[in-house]
Amino acid sequence: AVVSTQSGHYGRDCEDRTTSDQWFYFIPTQDRLCDYTYYNNKYLAGSITGETYYASLGSAQQACSRLGEMCGGVTRTSNGLHQLRKGDSPTQSPYGEKSWLKGDCADTHYNYYEQSFA
């Protein structure tokens with residue numbers, strides 16, 4: 001992918017570092033807003049194939065919401081990064097993980113120019 005960076009350089013691939021959440025804007029998505037329920041010391045099973053870690057909870061939840069039924073929620077691993085998960089049943093974590101189970105969702109429109117939901 002050809003991506004314009006803030007410094008004006010072109011031709012760089014999308015970022016995929018664990019400290020950057022910029023790349024997830026390019027995945028096929030549904031525009032949806034979902035509710036999430038927090039579970040302390042719990043994890044959700046089954047990472048989503050092809051997904052990596054997100055630096056922020058908000059970015060991970062937004063990506064999970066957009067993936068529809070493919071994503072059951074988000075687990076913050078013991079290293080502090082957020083990972084999308086398939087599972088929908090929080091399980092006791094021996095590593096102190098935290099999870100947010102995806103609940104009800106509603107269709108919405110995301111305005112990419114304004115970077116907000118309409």
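The structure is a predicted model, in which local features need pLDDT of at least 70, side-chain atom pairs count only at pLDDT 80 or more, and totals for chains, interfaces and linings use all residues. Residues are numbered from 1 along each chain as its sequence is written, and side-chain values use heavy atoms, with hydrogens and water left out.

The chain contains one helix and nine strands. Helices (H or I, at least four residues) and strands (E, at least two) are DSSP runs, numbered from the N terminus. The order of elements from the N terminus is β-β-β-α-β-β-β-β-β-β. Of the 118 residues, 36% count as buried. Buried means under 20% relative accessible area, exposed means over 50%, and partly exposed lies in between (1.4 Å probe, protein chains only). The chain exposes about 7,100 Å². Carbon and sulfur atoms supply 48% of that area. Accessible areas come from the Shrake-Rupley method with a 1.4 Å probe; for residues, only the protein chains shown count as cover. Among contacts (heavy atoms within 4.5 Å) with a separation of 6 or more, 68% come from residues 24 or more positions apart.

Two disulfides are present. A disulfide is defined here as a pair of cysteine sulfur atoms within 2.5 Å. With bonded cysteines counted along the chain, the pattern is 1-4, 2-3.

C64 is buried, at 0% relative accessible area. C71 is also buried, at 2%.

C64 is one of the buried residues of helix α1. This helix (residues 57-66) is mostly covered, with eight of its ten residues buried. The buried set consists of S59, A60, Q61, Q62, A63, C64, S65 and R66. G68 follows α1 and has a positive phi, near 65 degrees.

E97 sits in the loop between β6 (91-92) and β7. E97 is buried yet has no salt bridge. A salt bridge requires a side-chain nitrogen of Lys or Arg within 4 Å of a carboxyl oxygen of Asp or Glu. For charge, Lys and Arg count as positive and Asp and Glu as negative; His and the chain ends are not counted. The E97 side chain makes a polar contact with the side chain of S93 at 2.9 Å. A polar contact is a pair of N or O atoms within 3.5 Å; within protein, one must be able to donate a hydrogen and the other to accept it, and residues adjacent in sequence count only if both atoms are side-chain atoms. Leaving aside residues up to four places away in sequence, E97 touches N40, N41, K42, Y43, T75, R76, T77, S78 and R85.

D107 belongs to strand β7. D107 is exposed, with a relative accessible area of 65%. D107 and D31 are 76 residues apart in sequence and 6.0 Å apart in space, C-alpha to C-alpha. Not counting residues up to four places away in sequence, D107 touches D31 and R32.
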